Amino acid sequence: MTAQSVIEKVRMGMVGGGEGSFIGPVHRMAAELDGQIRLVCGAFSSDADISRRSGQQMYGLPAERCYGSYTEMLEREVALPVGRRMDFVAITTPNHVHFPVASAALGAGFHVICDKPVTLSLDEALILAEQVRTSGCLFGLTHNYTGYPMVKEARALVASGAIGKVRRVVAEYVQGWLATRAEEGNKQASWRTDPVRSGAAGCFGDIGTHAENLLEYVTGLEIESLCADLTTFVSGRALEDDGNVLLRMKGGARGVLFASQVAVGEENGLKLRVYGESGGFEWSQIEPNSLIVRWPDRPFEVRRTGGAGLSAPARDAARLPAGHPEGYLEAFAELYRQFAAAVRARSEGGEVPVDVPDIGDGVRGMQFIEAVVESSRQGGVWQTL
Ligand SMILES: NC(=O)c1ccc[n+]([C@@H]2O[C@H](COP(=O)([O-])OP(=O)(O)OC[C@H]3O[C@@H](n4cnc5c(N)ncnc54)[C@H](O)[C@@H]3O)[C@@H](O)[C@H]2O)c1
């Protein structure tokens with residue numbers, strides 16, 4: 001192999017993902033899965049020593065690319081030659097650190113991929129959206145459930161008209177890990193239940209927003225208005241841990257979205273059901289390689305990842321032949337694979353169409369969260385998004 005034939009990987013810098021964290025290491029695995037991206041640097045913790053240690057011990061990075069803070073990372077990376085410095089920043093910190101890092105990274109001219117919810121508040125999201133527009137940089141949002149082949153199949157099924165006009169939607173996301181007071185001594189629980197670090201909502205910012213994004217992505221319909229009833233079951237908790245939302249979708253469909261983190265024994269129960277005038281389907285994250293499609297006049301069918309007869313987007317998002325299960329990491333990797341293609345095209349002065357949630361989805365998510373909280377606060381008054 002000649003030197004010219006070795007592919008130049010897209011270089012990623014990460015903020016967050018230090019010792020004991022959850023999603024940062026997942027971002028690293030997902031980003032590197034398809035051989036297109038390499039983690040080259042990071043600021044992995046708000047504690048400078050932990051950050052440097054995490055970079056070297058968790059990710060095997062050289063000491064000089066493990067920074068004590070994200071501001072140091074941006075300053076030092078900008079000063080490196082173009083072919084060596086990171087190409088984009090992945091933000092995997094708790095919610096309150098998304099906006100300052102994203103804003104600073106865009107200001108320094110770096111593309112950004114950020115975890116959800118995009119910011120702490122809708123106001124911040126709107127400011128960020130304007131900054132994305134004026135910076136000319138790419139911005140991706142890791143609503144990773146959109147990366148599953150069978151989610152793409154569901155979206156293509158609706159778009160094809162095969163199930164007719166959508167009438168009813170049911171989106172649910174239930175977990176049980178916060179059924180008791182887990183905040184003390186549990187890093188992930190502690191910031192998720194703190195309004196200063198999580199935002200206006202707990203459960204709905206954390207997982208309700210994934211359900212909202214999945215629903216709008218698959219149906220192509222926007223939530224027009226909603227009526228919410230939120231509850232905090234665990235005493236002493238400052239944010240809701242459970243809630244039900246009635247939905248009116250643009251175009252006339254009606255639906256329900258519910259989310260809970262006190263549903264004892266539930267693992268990661270994200271599920272979507274959609275019913276049109278002439279067919280319907282259901283998809284569950286726990287069994288992501290199957291899409292159950294229902295018809296009025298014949299037995300239901302099960303479409304399978306990598307299987308026969310799928311739409312082009314579902315085929316393209318699968319990595320293995322049918323019967324070789326793909327899961328959470330592959331779906332996450334699908335976003336990174338497409339984001340890497342966009343970064344490459346941009347570095348050559350071009351554009352490629354990619355299917356990655358963006359800043360518009362981020363703003364939408366924050367509108368949803370704030371409408372849910374406000375509706376519930378007012379005792380269930382309908383809110384328009
Ligand atoms: N897409 C998904 O499926 C998914 C799943 C889990 C979490 N998330 C999102 O990812 C984010 C992180 O969640 P988590 O569960 O991994 O949290 P976590 O508490 O496990 O990890 C957060 C990490 O960020 C670091 N950090 C905090 N402030 C920092 C700063 N100023 N500079 C550098 N690093 C800093 C912490 O030290 C820690 O390493 C949240 O926004 C959450 O909503 C998304």
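How many disulfides does the structure hold? The structure holds zero disulfides (pairs of cysteine sulfur atoms within 2.5 Å). Keep in mind that this is a predicted model, where local features need pLDDT of at least 70, side-chain atom pairs count only at pLDDT 80 or more, and totals for chains, interfaces and linings use all residues. Residues are numbered from 1 along each chain as its sequence is written, and side-chain values use heavy atoms, with hydrogens and water left out.

- Cysteine 41 is in no disulfide, and the nearest cysteine sulfur, 8.6 Å off, is that of cysteine 66.
- Cysteine 41 is also buried, at 0% relative accessible area; the cut-off for buried is under 20%, with exposed over 50% and partly exposed in between (1.4 Å probe, protein chains only).
- Cysteine 203 is in no disulfide either; its nearest cysteine sulfur belongs to cysteine 227, 17 Å away.
- With 0% relative accessibility, cysteine 203 counts as buried.

**Overall build**
- You get twelve helices and 14 strands in the chain; these are DSSP runs numbered from the N terminus, with helices being H or I of at least four residues and strands E of at least two.
- For 385 residues, a compact globule would have a radius of gyration near 21 Å, and the chain agrees at 21 Å; the radius is taken over C-alpha atoms, and the globule rule is 2.2 Å times the number of residues to the power 0.38.
- Along the principal axes, the C-alpha atoms of the chain fill a box of roughly 60 × 55 × 40 Å.
- Of the chain's 385 residues, 53% count as buried.
- Take the contacts (heavy atoms within 4.5 Å) between residues at least 6 apart in sequence: 69% of them join residues at least 24 apart.
- The accessible surface of the chain is about 16000 Å², and carbon and sulfur atoms own 52% of that; areas come from the Shrake-Rupley method with a 1.4 Å probe, and for residues only the protein chains shown count as cover.

**The nine-stranded sheet**
- Nine strands make an open sheet with mixed pairing, in the order β13-β12-β11-β10-β6-β9-β8-β7-β14; two strands pair if DSSP finds at least two bridges between them.
- β13 (301-304) and β14 (383-384) stand at the edges with a single partner strand each, so one side of each has no neighbour in the sheet.
- Helix α12 (residues 359-377) packs on the sheet and touches β7 (223-231), β8 (242-249), β9 (254-260) and β14.
- The direction of α12 makes about 50 degrees with that of β7; axes are lines fitted to C-alpha atoms, for helices over the stretch in contact, and angles run from 0 to 180 degrees between N-to-C directions.
- Strands β11 (residues 280-284) and β12 (residues 290-294) run antiparallel, joined by three bridges.
- Glycine 280 sits opposite arginine 294 in β12.
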